[in-house]
Amino acid sequence: MFVDISDDPQATPRAMAGRAPDVFRPGGWVPMRCHRDDEPVDFVIVGTGAGGGTLACKLAEYGFSVVALDAGPYFRPLEDFASDEAEQTKLYWTDDRITDGANPLQLGSNNSGKAVGGSTVHFAMVSLRLRPEWFKSRTLLGYGADWPIDWREMWTYYEEVEQALKISGPITYPWGPKRPRYPYRAHPLNAAARVLARGCEALGISWTETPLATLSAPRGLAHPCVYRGFCVAGCSTNAKQSALVTWIPRALAAGAEIRDLAMAGRIEVDDDDRVTGVHYHREGRWRFQRARNVVVAGYAIETPRLLLNSATDRHRDGLANSSGLVGKYLMTQSNQAVWGLMDDEIRSYKGPPSLAITEHWNYEDNGKDFFGGYAYMSQGPLPQLWANTLAQARGLWGARLVEEMTNYNHVAGLKIVGEMLPQERNCVTLADEVDQYGLRIPRVTYSWCDNDRRLIDHSLAFMTRALQAAGAKDIWAQEDDTCHLNGTARMGDDPRSSVVDADCRSWDIPNLWICDGSVFPTVGGVNPSLTIQAIACRTADRIHAMARRGELTGSSRRAAQTRTASQMA
Amino acid sequence: MSNDTDWLVGAGLALSAIAATAMLQPSPPRRLERKPASLPSRPGPHPRASVRAARRLNRAAGMLAASVLADSSVEHYRGSFKNKAMYTPLAVSALTLAMSAHGTADRRPWAHRLRDGSYLLAAATGLIGTGFHVYNVTRKVGGFSWQNLFYGAPLGAPMAILLSGLLGFCSERVRDTSRAQRPHVFGLPAARTIAAVTAAGLLGTSGEAGLLHFRGAFHNPFMAVPVTLPPVGAALLFKAAARDPGDDKTRRHPLTRAWMWLLAAMGFAGVGFHAYGVSRNMGGWRNWSQNILAGPPLPAPPSFTGLALAGLAALGLMREHPDA
Ligand SMILES: Cc1cc2nc3c(=O)[nH]c(=O)nc-3n(C[C@H](O)[C@H](O)[C@H](O)COP(=O)(O)OP(=O)(O)OC[C@H]3O[C@@H](n4cnc5c(N)ncnc54)[C@H](O)[C@@H]3O)c2cc1C
Ligand code: SF4
C-alpha cells in the first residue's frame with residue numbers, strides 16, 4: 001500500500017471513482033456505487049449528518065438509488081483526528097454568517113459541523129428521548145406547538161436508533177414511560193459525574209448515567225471508549241457512534257453514493273413545481289445532479305438558507321415557503337452552567353463529558369414558573385475551551401487567567417440543556433453578502449423571551465444549590481451559553497402553519513423533503529440528535545410505504561394523483 | 001483516610017490472629033509406626049486413593065490461587081494499590097500457591113501444619129476481602145447500584161481465594177483421614193462435601209462472570225458460555241453429592257466427569273477469548289500495557305479450571321470410596 005501525501009481531505013474529495021474511505025481500517029477503502037450527474041437518481045440528499053446520513057442509509061437499504069452530498073470532508077477518524085483542540089476546529093462549520101438580535105448566537109464549535117457525518121462527528125453523544133407530552137405540548141402543557149406525530153410511534157423509532165447506535169445507558173431509566181433496555185451498559189462514572197450524583201441525592205431528586213452514543217464494549221471493528229474525553233474534538237477510536245461510523249458505512253454497503261466536499265447551492269424546480277435536481281460545487285466547478293426527489297438535511301441554518309437561495313420567479317420567497325415560515329421559529333437550547341471548585345481532584349475531562357444526568361425538571365411540572373423543561377449534566381471541558389470560558393464569562397486574562405487555570409483539575413460543573421420557546425421572530429434570513437461559493441450567506445437573528453429567562457434563572461438557582469450540596473466552593477454561574485439549533489422548517493398538520501408534514505414532505509413541492517433538526521416544532525429540554533435520527537428512520541419507512549403504494553409522484557398534494565409511480569417502484 | 005487505616009490495622013490483626021492459631025495447633029500425631037492393621041479387613045480402597053484425591057485438591061487450590069494472584073495483581077495495580085490492604089491478596093495467594101505446589105508433590109498421608117495454616121489464611125483473606133469489596137461498593141454514591149456492581153470492587157472476586165483456601169483445607173482433611181473408614185471433613189463425607197463446595201463455587205464464579213459479561217452486554221455470543229456451562233456442571237456435582245452411598249453403580253459419574261473436563265478446558269479457552277478481547281481495544285496488543293488493564297481480565301477464566309479440577313478430585317474420591 002502506498003500513502004498519498006497529497007491526501008488532504010479538506011482539499012481533495014476522497015469518495016470518488018467507485019470507492020470511499022473505510023473509516024475502520026487505516027488507509028482502507030470500501031466499494032461505492034457511483035452515479036452520473038445526468039442520471040436521475042431516486043433521492044439526492046443534501047447533508048450527511050444526523051438527519052441526512054440516517055435517511056441515506058435507510059433509503060438505500062430500501063432499494064432506492066441515493067446520492068448524498070456533504071460540503072465537508074470525508075475524515076478517517078483513526079488517522080485524521082489529533083488530540084489537539086486547535087487542530088480539531090476543522091470539524092466545525094465556520095463559513096461566514098451574520099448573527100444579530102437581542103441575544104445573538106455564537107456559531108461554530110458548539111452548534112454546527114461540516115463533515116461527512118455532520119455535527120455528530122464532534123457531538124457530545126448524549127442520546128435522549130423527548131418527554132412524551134412534548135409531542136403535544138400546546139394541547140397538554142399549554143405552550144409551543146403540537147407535533148403531528150404520536151409519541152408512541154416515536155418510541156418505536158427511538159428504539160430502532162438506540163439499537164443502531166448501540167447506545168450505552170442505565171439499566172432502568174428513572175423518568176417517563178418504560179423503555180426497552182439500552183443495548184450496551186452504562187459507562188463508569190467519572191468524578192465530575194459523581195459530583196452531580198451527590199448533589200441530586202442531597203436535594204432528593206433522581207439522577208442516572210447518561211445514555212451515550214459511545215461504546216462501552218467492542219462493536220465490530222469499532223473500539224470501546226478509552227475515556228480520554230476528546231469527544232467534542234472528534235473521537236479518534238471510533239467508539240463514538242457518529243453517523244460517519246454507523247449510518248454512512250451501512251449506506252455505502254447498501255449502494256448509496258456519498259460525495260464529500262460537495263456544496264449544494266441551489267435546488268432546481270420545474271414549471272410543474274417539482275424539483276429536478278441539485279446544483280452543487282465540487283472540485284472547483286458547479287455541477288448538476290438530476291434527481292426524482294430532493295431531501296434537504298443541512299441543519300437548521302443551512303437548510304433554510306438553501307431553500308431561500310433556491311428562489312425562482314414562481315417561488316419568490318424560496319422553495320416550500322408558501323406558509324412564509326421557512327427560516328422562522330429557529331430554536332436554540334439554553335446551555336447555562338454553574339461551576340465550582342472541589343477539594344478533591346476531579347479531572348472532569350476524563351471520559352465523555354456528560355456521564356451523569358438528571359431530567360428531573362423535564363418531568364416535574366410543579367415548582368416551575370416557566371413553560372418547558374431542562375435537563376442538566378456533568379461537564380468535562382477540555383483545557384482550551386475552559387480557558388476560553390473563563391476569559392469570556394468571567395473576563396479573566398493574563399496572570400489571573402493563568403492562576404485560575406491552576407484550579408482546572410478541581411473544577412466541577414453542571415450544565416443545562418434547556419427548552420427555548422419557538423418564536424417567529426427568531427429566524428434565518430439571507431444577508432446580501434456572499435460566501436466563497438458566491439452564495440448569499442445566512443443572517444441568524446435570536447432573542448430570548450421572558451419564559452426563556454425564567455427557565456434559565458430557575459436552573460441556575462437549582463444547580464447552585466446542587467453544587468453547594470455536593471461540597472463545591474467558589475461557585476459561579478455561566479449565564480449566556482447556547483447550543484443545538486432546531487426549527488426553521490417546522491412540521492405540522494396544516495400547510496398554512498408548517499413547512500413539511502409529519503413525513504417531512506414539503507407541503508408545496510411533493511418531491512422535496514426536509515429531514516433534519518429543522519423540522520422540530522418544539523425542542524424540549526433534551527439534546528436533539530436521537531430525535532432527529534428517529535424522525536429520519538420514520539421518514540424512510542413512510543417513503544418506502546408511499547413508494548409501494550405509488551404515492552411518491554404527483555404534481556400537487558391536494559390534486560388527484562394522476563401519474564403512476566412506476567419509476568419509484 | 002484514617003478510616004482506611006483502621007480497616008487495614010483491623011484486617012492485619014485478624015489475619016495474623018488466624019494464621020497464628022493455625023500455626024500453634026498441635027501438629028498431627030505422626031503415627032507412621034502404627035501399621036495400618038485395619039486396612040486389609042476394611043472394605044474399600046487403599047489410603048493412597050485418598051492421598052491422590054488430596055493432592056488433586058492441592059492442585060485445584062493452587063490453580064485458583066494462581067488465578068487470584070495474577071488477577072488481583074493486575075486489578076489492584078490498576079487501582080494503584082490505593083489502600084495498603086490491597087497487597088494482601090497478592091501475598092496470600094502467592095503463599096497459597098507455594099503451599100499447594102508443595103501439597104501436590106507431597107505423598108504423605110497426613111496434613112501439613114504450614115499448609116493448613118496458609119489455607120486458613122487464604123480463606124480468611126477471602127472473607128475479609130469480600131468485606132472490603134462490599135464496603136467499597138456501598139461507600140460509592142449510588143450504593144448497591146448496577147453502576148457500582150459493574151465498576152466498583154468486584155464482590156465475587158475475593159471468593160476465589162476463599163474457595164482456594166477451603167479446597168486446600170479440605171485437601172488436608174482428606175489426607176488426615178485417609179486411613180479412616182471413610183475420608184471426611186469435619187465429620188462430613190469428604191468427597192461429597194467437596195463436590196458441594198465446588199458446585200457452590202462454580203455457581204458463584206459463574207455469577208461473577210455473568211455480571212461482568214452483562215456489563216459487556218454479551219456483545220460476543222461466546223460470552224454466554226461461562227454463564228451456561230458451569231451451572232450445569234454445578235447441578236451435576238450437586239447431584240453426585242446427593243447420590244445414594246449404597247448404590248455402587250452410580251459412583252462413576254461419567255457425565256459429571258466429562259463435564260468437569262469441559263469446564264477445565266473452558267477455563268483455558270477463556271484466556272484465549274479474553275486475549276482476543278484485549279486485542280479489540282484501541283491499539284490492540286501493541287498497546288498491551290494499557291489494554292491488559294482496560295480489556296477483559298486474562299487471569300480470570302482459569303478459576304473455572306481450578307474448580308473443575310477440584311470437582312474431578314471429589315469425583316475420583318467418590319469413585320474409590322463408596323461412602324466418601
Ligand atoms: C459540540 C456539539 C455537541 C453536541 N452534543 C450533542 C449531544 O450530546 N447530543 C445530541 O443529541 N446532540 C448534540 N449535538 C447536536 C447534534 O449534533 C445536532 O443536533 C445534529 O447533528 C443535527 O443533525 P442535522 O442532520 O440537522 O445536521 P448535521 O448533523 O449538522 O448535518 C448537516 C450536514 O449538512 C452539511 N451541509 C449543510 N449545508 C450543506 C450544503 N448546502 N451542501 C452540502 N452539505 C451541506 C453539513 O456539512 C453537515 O455535515 C451537539 C452539537 C455540537 C456542535
Ligand atoms: S472519551 Fe471515548 S467517545 Fe470520547 S473521544 Fe475518547 S474514546 Fe471517543
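Trainee: Which kind of link do the side chains of A:Arg282 and A:Asp260 meet in?

Mentor: This is a predicted model in which local features need pLDDT of at least 70 and side-chain atom pairs count only at pLDDT 80 or more, while totals for chains, interfaces and linings use all residues. Residues are numbered from 1 along each chain as its sequence is written, chains are lettered from A and ligands numbered from 1 in the order written, and side-chain values use heavy atoms, without hydrogens and water. Side chains of opposite charge can pair when their charged atoms come close. For A:Arg282 and A:Asp260 the N to O distance is 2.6 Å, and the link is a salt bridge (a side-chain nitrogen of Lys or Arg within 4 Å of a carboxyl oxygen of Asp or Glu).

Trainee: How many residues apart in sequence are the parts that A:Arg282 and A:Asp260 tie together?

Mentor: Helices (H or I, at least four residues) and strands (E, at least two) are DSSP runs, numbered from the N terminus. A:Arg282 lies in strand E11 (residues 275-282) of chain A and A:Asp260 in the loop between strands E9 (257-259) and E10, so the parts they tie together are apart in sequence by 22 residues.

Trainee: How much of ligand 1 does the protein bury?

Mentor: Begin with its polar contacts, pairs of N or O atoms within 3.5 Å (within protein, one must be able to donate a hydrogen and the other to accept it, and residues adjacent in sequence count only if both atoms are side-chain atoms). An oxygen atom of ligand 1 is 2.8 Å from a polar backbone atom of A:Ala115, and a nitrogen atom of ligand 1 is 2.9 Å from one of A:Ala264. Accessible areas come from the Shrake-Rupley method with a 1.4 Å probe, and for residues only the protein chains shown count as cover. Alone, ligand 1 exposes 980 Å², and the protein buries 98%.

Trainee: How many charged residues does the shell around ligand 2 have?

Mentor: Residues count as around a ligand if a heavy atom lies within 4 Å of it, and here they include A:Cys225, A:Arg228 and A:Cys235. Ala, Val, Leu, Ile, Met, Phe, Trp, Tyr, Cys and Pro count as nonpolar, Asp, Glu, Lys and Arg as charged, and the others, Gly among them, as polar. That gives seven nonpolar, three polar, and charged: one.

Trainee: Which helix gives the most to the side of chain B that touches chain A?

Mentor: In chain B, 14 residues are in contact (heavy atoms within 4.5 Å) with 25 residues of chain A. The two chains have zero salt bridges between them but seven residue pairs in polar contact, both at pLDDT 80 or more. Helices H6 (146-151) and H8 (190-215) of chain B each supply at least two residues of that side. With four residues, the helix that gives the most is H6(B).
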